Amino acid sequence: VALNMSADTKIAELLTELHQLIKQTQEERSRSEHNLLNIQKTHERMQTENKTSPYYRTKLRGLYTTAKADAEAECSILRHALDKIAEIKSLLEERRIAAKMAGVYSDSDPPRKTMRRGVLMTLLQQSAMTLPLWIGKPGESPPPLCGATPASSDYVAKQGDKVAARVKAVDGDEQWILAEVVSYNHSTNKYEVDDIDEEGKERHTLSRRRIIPLPQWKANPETDPEALFSKDQLVLALYPQTTCFYRALIHTPPHRPQDDYSVLFEDTSYADGYSPPLNVAQRYVVACKENKKK
């Protein structure tokens, strides 16, 4: 409870700071508006007079320098705001894990035993929608776990992280399920993970090669298309309305940051061996580890 209180206080403080930053962004934007209008007017005047005099050249250089500085100032406030959001999310996640360990649950995160299917599906959708978009600085490459960019070879998923986990089903078949990391043992190199679907109520102990961490950022198709899977690439994708990953081909990658992938799942009940196109969020599409067709 003490941990909860301190987290609550900290979150309240961060929300106040975030509110201030959003107001600052608006002020910064209004301030720079005037200058942008000035640039436009100067260009219009030059067109009317049909000449580029040294006076206009100097004037424009000054205006553009100011505009660039304004944009950089606004950008820095926005990045600061994004950091605050990340901090709030991380505190909420810490609180959720602590509650899970203690067996205490809030209304918004009911015990897994009682979670209805529809509630679980809604939570998975929310998790995909609120996955942060990677916004790099000019020339900066997307980091590991951004979109299709794999984790580094020595990467260890943290407690509470969502992963695709390869488990043996009751009938002895292997399947990839959506799971949450409980712990990682450095001496045995094995993970303990919980099946996200409460019907499983199972904890699995799995080697690293049976775990694929899910992306921690969405890749922006407009600025970092190379960080997305491309058409016809073989992937593992979460089948809609389930908690299992199946092999699929990318039909079309996202066009805009908020778009999903369109994928074709391997499905023998169709003549060509693939399902019609289905949408799957960036959050739930990972590289396929086995290339041979089942």
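Colleague: In E7, which residue is the bridge partner of Ile177?

Modeller: Bear in mind that this is a predicted model. E2 (residues 174-185) and E7 (residues 244-252) pair in the antiparallel sense, over 2 bridges. In E7, Ile177 has as its bridge partner Cys244.

Colleague: How many bridges join E2 to E3?

Modeller: E3 covers residues 190-195 and runs antiparallel to E2. The two form a hairpin with 4 residues between them, and Asn189 in the turn has a positive phi of about 60°. Val181 stands opposite Val193 in E3. The number of bridges joining E2 to E3 is 6.

Colleague: Which residue in the turn between E1 and E2 has a positive phi?

Modeller: E1 (residues 162-168) pairs with E2 in the antiparallel sense over 7 bridges. The hairpin has 5 residues between its strands, and the positive phi of about 90° belongs to Gly172.

Colleague: Is His204 buried or exposed?

Modeller: His204 is found in strand E4 (residues 203-207). Its contacts include Val167, Ile177, Tyr191 and Val193, not counting residues up to four places away in sequence. Buried means under 20% relative accessible area. His204 has 11% relative accessibility, so it counts as buried.

Colleague: What does Leu82 count as, given its relative accessibility?

Modeller: Leu82 lies in helix H2 (residues 54-102). With Ile85 and Ile135, Leu82 forms a nonpolar patch on the surface, with about 240 Å² of accessible area together. Because its relative accessibility is 42%, Leu82 counts as partly exposed.

Note on methods: Residues are numbered from 1 along each chain as its sequence is written. This is a predicted model: local features need pLDDT of at least 70, side-chain atom pairs count only at pLDDT 80 or more; totals for chains, interfaces and linings use all residues. Side-chain values use heavy atoms; hydrogens and water are left out. Patches are made of residues with over 30% relative accessible area and no salt bridge: like charges are joined within 9 Å, nonpolar side chains (Val, Leu, Ile, Met, Phe, Trp, Tyr) within 5 Å. Accessible areas come from the Shrake-Rupley method with a 1.4 Å probe; for residues, only the protein chains shown count as cover. A salt bridge is a side-chain nitrogen of Lys or Arg within 4 Å of a carboxyl oxygen of Asp or Glu. Buried means under 20% relative accessible area, exposed over 50%, partly exposed in between (1.4 Å probe, protein chains only). Contact means heavy atoms within 4.5 Å. Two strands pair if DSSP finds at least two bridges between them.
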